[in-house]
Amino acid sequence: MGLKSKRKIVMACSQCQSRNYTTVKNAVVHPVRLELKKFCPKCSGQTLHKETK
Ligand SMILES: [Zn+2]
């Protein structure tokens, strides 16, 4: 059912390390770590969020 390739990941703010977002990614399609600009409530602005475990 494709469960092997899909992993739940947590996106953490690179500034304050808050874990603000969770998402699911296909590890086969996206083998590298995700880095996204997202809004962080703690930093009150857009920061770079990185994939964590
Ligand atoms: Zn932050």
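View 1. Strand E1 (residues 6–13) runs antiparallel to E2, and 7 bridges join them. Strands, like helices, are DSSP runs numbered from the N terminus, with at least two residues (E) for a strand and at least four (H or I) for a helix. Two strands count as paired if DSSP finds at least two bridges between them. Welcome to a predicted model, in which local features need pLDDT of at least 70 and side-chain atom pairs count only at pLDDT 80 or more, while totals for chains, interfaces and linings use all residues. Residues are numbered from 1 along each chain as its sequence is written. To find your place in this pair, look for Lys 8, whose bridge partner in E2 is Val 24.

View 2. Gln 17 is exposed because it has 10 other C-beta atoms within 10 Å. For this label, C-beta atoms are placed from the backbone: a residue with 20 or more others within 10 Å of its own is buried, one with 12 or fewer is exposed, and anything in between is partly exposed.

**View 3. Asn 20 meets residues from elsewhere in the chain.** Asn 20 is found in strand E2. It counts as partly exposed because 17 C-beta neighbours lie inside 10 Å. Leaving aside neighbours within four places in sequence, Asn 20 is in contact with Met 11, Cys 13, Lys 38, Cys 40, Pro 41 and His 49; here, contact means that C-beta atoms placed from the backbone lie within 7 Å. Take Pro 41 as a landmark: 21 residues separate it from Asn 20 along the chain, and their C-alpha atoms are 8.1 Å apart.

**View 4. Strand E1 also pairs with E4.** Here 4 bridges join E1 to E4, and the two run antiparallel. A handy spot to look at is Ala 12, which stands opposite Lys 50 in E4.

**View 5. Strands E3 and E4 pair, with Ser 44 in the loop between them.** E3 and strand E4 (residues 45–52) are antiparallel partners over 6 bridges. Within this pair, Lys 38 stands opposite Thr 47 in E4. The loop between E3 and E4 holds Ser 44. Phi of Ser 44 is near 55 degrees, again positive in a residue other than glycine. With 8 other C-beta atoms within 10 Å, Ser 44 is therefore exposed.

**View 6. The four strands come together in an open sheet.** Stepping back, you can read the strand order as E2-E1-E4-E3, with antiparallel pairing. At the edges are strand E2 (19–26) and strand E3 (35–40), each of which pairs on one side only. From one strand to the next the twist averages 40 degrees, an angle that runs from 0 to 180 degrees between N-to-C directions of axes fitted to C-alpha atoms. In a regular strand, side chains alternate between the two faces of the sheet.

View 7. The elements run β-β-β-β from the N terminus on, with 0 helices and 4 strands. Along the principal axes, the C-alpha atoms fill a box of roughly 40 × 15 × 15 Å. Of the 53 residues, 11% count as buried. Among contacts between residues at least 6 apart in sequence, 42% join residues at least 24 apart.

Conventions
Contact = placed C-beta atoms within 7 Å.
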